[in-house]
Amino acid sequence: MEKRRIEHLLGGERRICITGHVRPDGDCVGSCLGLRSYLLTLDATLKVDVFLEPAPAPFALLTGFDGIRTYQQEDGEYDLCFVLDAGERGRLGANAACLDHAGRIVCIDHHRTQRSFVPECIVEPEASATCELLFDLMDEEKINLETAECLYLGIAHDTGVFRHSNVTRHTMEAAGVLIGKGVRHSKIVNDTFFSKTYLQNQLLGRALVESIVFCEGQCIVSMVSLKTMEFYRATHEDLEGIVDQLRLTRGVEVAIFISETEFQVYKVSLRSNEKVDVSRVAEYFGGGGHLRAAGCTMTGTFYDVVNNLSEQIAPQLGM
Ligand code: 5GP
Ligand code: MN
């Protein structure tokens, strides 16, 4: 069987837009910019625009970052829209508007909770990252250095720099090919993944100090309130990575990090180590994600949220 390729998805469209999920992370930004770069390699005369919410500043080392913007009515019509790394329309925020101005929509994603919300969906839950799936859909020969750096960044981020259980032999082989293209792999992971601002480290420290364990030490939870966010003038970007540090607590199976976004409205991040399918927990509360990393939005008091989560997690821990 001939390999599926991006080239085969195209039907002569000239005006193309690319969008992804709210609070864009490394895989979302990497996949959108990587696809943009690849399409321009295929045909430099195409119009290719990337519509995302503002992305973390360190991702500026990727080509095309400066062109990222939010879709506006004035942007008008597109022949084709690619939706990347998002399983449902609700995850696109304000940029969902560009779907209504596109002749055709193609979704490329790796979320197991993907809702196939558009007719043309390429979904591969076994792929560690949307960037890994995109790599498979690209002709290796046509992946230039700019495209390779985008894909490498996305794979590195969604695998926690090749630590998570979503890493396969294929993930490493794809990363190997990308390194062969000359990507600045050490700079990319250090500058965009490990490096933290002073504020990020302060918030991480606070979250660790204030964390609570429950379910006989198998779960850990920490919360940052709106008041704290305002005190530090912090944004959601400043909280990146906290849940991953909580997950490393010895004996813990599930880590939960909760940030208050409005009064008694919380963004909940879930991570697990070996047993618990956190995508099921997140999906129960209207969210989604992967086996070992998922998220949702919840409301009520902090204690309501923890109790409700605990009720869904405990049975999976055999409690
Ligand atoms: P994070 O905790 O890093 O925000 O997200 C972990 C994973 O869960 C990511 O793959 C992300 O796309 C997904 N995710 C996070 N929040 C939500 C949500 O509210 N809805 C859905 N469907 N997925 C989410
Ligand atoms: Mn992803």
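A residue counts as exposed when its relative accessible area is over 50%, and as buried when that area is under 20%. The views below show a predicted model.

**View 1. The ring pair of Tyr284 and Phe285.** Tyr284 has a relative accessibility of 54% and, because this is over 50%, counts as exposed. A search of the whole structure finds seven aromatic pairs. In the pair of Tyr284 and Phe285, the ring centres are 5.0 Å apart. The planes of these two rings stand at 85 degrees, so the pair is edge-to-face.

**View 2. The ring pair of Tyr152 and Phe162.** The centres of the two rings lie 5.8 Å apart, and with the planes at 50 degrees the pair is tilted. Tyr152 belongs to helix 4 (residues 145–158), while Phe162 sits in the loop between helix 4 and helix 5 (169–180). The two residues are 10 residues apart, and their pair links distant parts of the chain. Tyr152 is buried at a relative accessible area of 5%, whereas Phe162, at 21%, is partly exposed.

**View 3. An aromatic cluster.** Phe51, Tyr71 and Tyr78 together form one aromatic cluster.

**View 4. The site of the manganese ion (ligand 2).** Four residues coordinate the ion: Asp27 (OD), Asp85 (OD), His110 (NE2) and Asp158 (OD), at 2.2 to 2.4 Å. Along the chain, the donors follow the spacing D-x57-D-x24-H-x47-D. Asp27 in helix 2 (residues 26–42) and Asp158 in helix 4 are 131 residues apart, a pair that links distant parts of the chain. Asp27 is buried, with a relative accessibility of 0%. Asp158 has a relative accessible area of 17% and also counts as buried, because the value is under 20%.

**View 5. The nonpolar cores and the surroundings of Ile108.** The largest nonpolar core has 51 residues. Ile6, Ile18, Leu39, Phe82, Ile108 and Leu178 are the residues with the most contacts inside this core. Neighbours within four places in sequence aside, Ile108 is in contact with residues including Ile6, Leu9, Phe82, Val83 and Leu84. Among its other contacts are Asp85, Ile122, Thr130 and Leu137. Asp85 is also one of the residues that coordinate the manganese ion (ligand 2).

**View 6. Ser259 in strand 8.** Strand 8 comprises residues 254–262 and contains Ser259. Ser259 has a relative accessible area of 6% and is buried. Beyond its neighbours within four places in sequence, Ser259 is in contact with Val224, Leu239, Val265, Tyr266 and Lys267.

Note on methods. Residues are numbered from 1 along each chain as its sequence is written. Chains are lettered from A and ligands numbered from 1 in the order in which they are written. This is a predicted model: local features need pLDDT of at least 70, side-chain atom pairs count only at pLDDT 80 or more; totals for chains, interfaces and linings use all residues. Side-chain values use heavy atoms; hydrogens and water are left out. Helices (H or I, at least four residues) and strands (E, at least two) are DSSP runs, numbered from the N terminus. Buried means under 20% relative accessible area, exposed over 50%, partly exposed in between (1.4 Å probe, protein chains only). Contact means heavy atoms within 4.5 Å. A nonpolar core is a set of buried Ala, Val, Leu, Ile, Met, Phe, Trp, Tyr and Cys residues joined through side-chain atoms within 4.5 Å. Rings of Phe, Tyr and Trp (its six-membered ring) pair if their centres lie within 6.5 Å; planes under 30 degrees apart count as stacked, over 60 as edge-to-face and the rest as tilted. Donors are N, O and S atoms within 2.8 Å of the metal (3.2 Å for Na, K and Ca); water is not among the atoms, so sites may look incomplete.
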